[in-house]
Amino acid sequence: MTGVPEGPQGLDAALAPAPGRPVDLMTRLQQAVASGPDRIAVRDRTQALTFGQLDALTAQVAAELTGAGVRPGDRVAVSLPRGTALVVALLAVWRAGAAYVPIDPAYPSERRHTMVRDADVRVVVTAAATGEWPPGVHGITVDPTAAAPDRRPTPPVPVAAHAPAYVIYTSGSTGTPKGVQTTRGGVAALVAALEAAGMYAPEPRVVAWNASVSFDASVQQWARVCRGDTLVVLDEDERTEPARLTAALDAHGVQDLDLTPSHWHLLRDELLARAAEGRSLRLFMGGEPVPENTWRELAAERAAGRLDALNLYGPTECTVDTTAAWIDGDAPHIGPALPGVRAHVLDAGLRPVADGTEGELHLAGPQVALGYLNRPALTATRFVADPFAADGSRMYRTGDKVRRRPDGALEYLGRIDRQIKIRGYRVELGEIEAALTRHPGVAAAAVALHHSPASGEQLAAYFVTPADTADEPPTAEALREQLATVLPQFMLPTAYTRLDALPLTVNGKVDLAALPAPEEHATATPETAGDRGDAPEGEVETLIAAVWSEVLGRAHVRADDDFFAMGGHSLIALRVVARLKKQFGIAMSTREVYRHPRLRDLARHVETLRAAA
């Protein structure tokens, strides 16, 4: 701790936006700096920056960007690990009048290069000035510990409301990710709407930033520093380990936390225990529908005055959140539209449907994005003229089925297409299918969302091999390895099932309902003598194998099996870590499971930790 005040001390009413058009967030940040330069603005596990320091550092990096040729309206990639440097970089891009393009350093190089080329990026803010980037891309590094210049920082470059703010890439049904370009006015409208609806408290808060910067939900948390909130950047261990997360919440006095319903399921015991002890927290929940039992549990906590929770809904194409509701009562819903958002429930002919009738949700207002980068045809299809506005503005066709309740709240009913949400990430199944068919041993492919009693929602892949080949069909491992070179981990299927032919409807389309459950066509081969020879040995290997068998729903687990190749992911890794801690009394992070994905290697690591303890 630095002894520098956090929260509202030293902040005056200058932070409150004036009535009318929302104020640009860089202007609001300047107001926050002027009102409380010595307050903590952002911190991570190792460092804290005051508002004055943040102002100076962002000006310094913005000057470097300008010197590298960045001009207002340009797009700058930001590829940094979580920490104060990431916040400095994002704000510096805005300060230079440009738009940021977040690129997860963990993404496969092919996907990172595709995004850089598509966004016409010439400058990337990264951890190393030289890195694996396409030719002609200039790297800039950020050192948040560097001494800030003594001179008065140069003010931010003024931009119009329609200037681009960021480009976030989402999964694309054609096999290539598509970039959604939002506006500075849209981000300002988002913050103003959440303030007007009472979702953001009127006074500054201490806010934990949990969501990935590549996920648009991150914007409604990290950008809050611009309104004077103190931002706590959770690192990967704190995000994925309940004990470390609660320790960080307590150490920094965190009041607001964002998470998905899937994440709540793993954190609930620790967060409910904190709430019972009087340590209040406001949860910003989104990314996927809230299950009914989770809704009722959180509603009961709110009724008892122990915990506040919000359900936030909105597509990336409409700047994060467009509807919101306090989690209260018995039935899940996504609430009414936020102030400034116009929500229309329409039929296929763009005619309003009666309350209580199912229709497609269309959204309009200042938060509607500019469109898809370099995709004019797709933009024209999804962003259509708003027939209910007289100003020529557009509305976005969400593809989400909803119905309006008598009280004005909207109930989410599902999708009209094949887009899904898994662990908070938006995924177009067609992108995975297109990547599968690039393998020479795959003639056709289909991917579906499957619910496993053991491991929850999983992606299941089905493929047909070419009829004119004598080659052996590709193994699940080979297909997964190929996909891992082009897709992020959350898009990798768990099960791979070979079929003689994909089932078709009478119209010749793939009959997804007729695809067999993965269990009926297991990708694993029956246990053999060789498998028994590679069976887990010793106490630690045997216990880890039993845990994997339980959480992954696998009958046979070998000592050389790979956790992620068997369908593991970050949320399941949390369960593995919890079981090992309970059994052996050792503290581990999910990052260690990532470093030692093979069972035998993980067992050796656990034995090393036990010996050290």
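Predicted model: local features only at pLDDT ≥ 70, side-chain atom pairs only at ≥ 80, totals over all residues.
Trainee: Which residue forms a salt bridge with Arg296?

Mentor: Arg296 is partly exposed at 43% relative accessibility, and Glu292 is likewise partly exposed, at 41%. The two stand four residues apart in helix 10 (residues 292–303), so about one helical turn separates them. The closest N and O atoms are 2.6 Å apart, and the residue that forms the salt bridge with Arg296 is Glu292.

Trainee: How is a helix assigned here, and how many residues has helix 5?

Mentor: Helices (H or I, at least four residues) and strands (E, at least two) are DSSP runs, numbered from the N terminus. Helix 5 covers residues 184–196 and reaches 18 Å from its first C-alpha to its last, close to the 18 Å expected at 1.5 Å a residue. That expected span is 1.5 Å times one less than the number of residues, and for helix 5 the number of residues is 13.

Trainee: How many residues of helix 5 are buried?

Mentor: The buried residues include Arg184, Val187, Leu190, Leu194 and Glu195. Among the elements that cover them, by contact (heavy atoms within 4.5 Å), are helix 1 (25–35), helix 3 (84–95) and strand 13 (308–313). Helix 5 is mostly covered, and of its 13 residues the number buried is eleven.

Trainee: What area do domain 2 and domain 4 bury between them?

Mentor: The domain bounds come from an automatic or database domain assignment, which gives domain 2 as 184–417 and domain 4 as 539–612. Their centres, taken over C-alpha atoms, are separated by 34 Å, while the contact takes nine residues from domain 2 and eight residues from domain 4. Buried area is the accessible area (1.4 Å probe) that two parts lose on being put together, summed over both. With 62% of it on carbon and sulfur atoms, the area buried between domain 2 and domain 4 is about 750 Å².

Trainee: Which residue forms a salt bridge with Asp237?

Mentor: Between domain 2 and domain 4 the count is one salt bridge. In the bridge of Asp237 the closest N and O atoms are 3.6 Å apart, and the residue paired with Asp237 is Arg591.

Trainee: In which strand is Gly399 placed?

Mentor: Gly399 has 0% relative accessibility and so counts as buried. Leaving aside neighbours within four places in sequence, Gly399 is in contact with residues including Glu360, Leu361 and Gly414. The C-alpha atoms of Gly399 and Gly414 are separated by 8.7 Å, although the two are 15 residues apart along the chain. The place of Gly399 is in strand 19.

Trainee: Which residue has its backbone nitrogen 2.8 Å from a polar atom of the side chain of Asp74?

Mentor: Asp74 is in the loop between helix 2 (51–67) and strand 3 (75–79). Not counting residues up to four places away in sequence, Asp74 touches Gly69, Ala98, Ala99 and Arg122. The backbone nitrogen that lies 2.8 Å from a polar atom of the side chain of Asp74 belongs to Arg71.

Definitions and conventions:
Residues numbered from 1 in each chain as written. Heavy atoms only, no water. Buried < 20%, exposed > 50% of the residue type's maximum accessible area, 1.4 Å probe, protein only. Salt bridge = Lys/Arg side-chain N within 4 Å of Asp/Glu carboxyl O. Polar contact = N/O pair within 3.5 Å; in protein donor to acceptor, adjacent residues only side chain to side chain.
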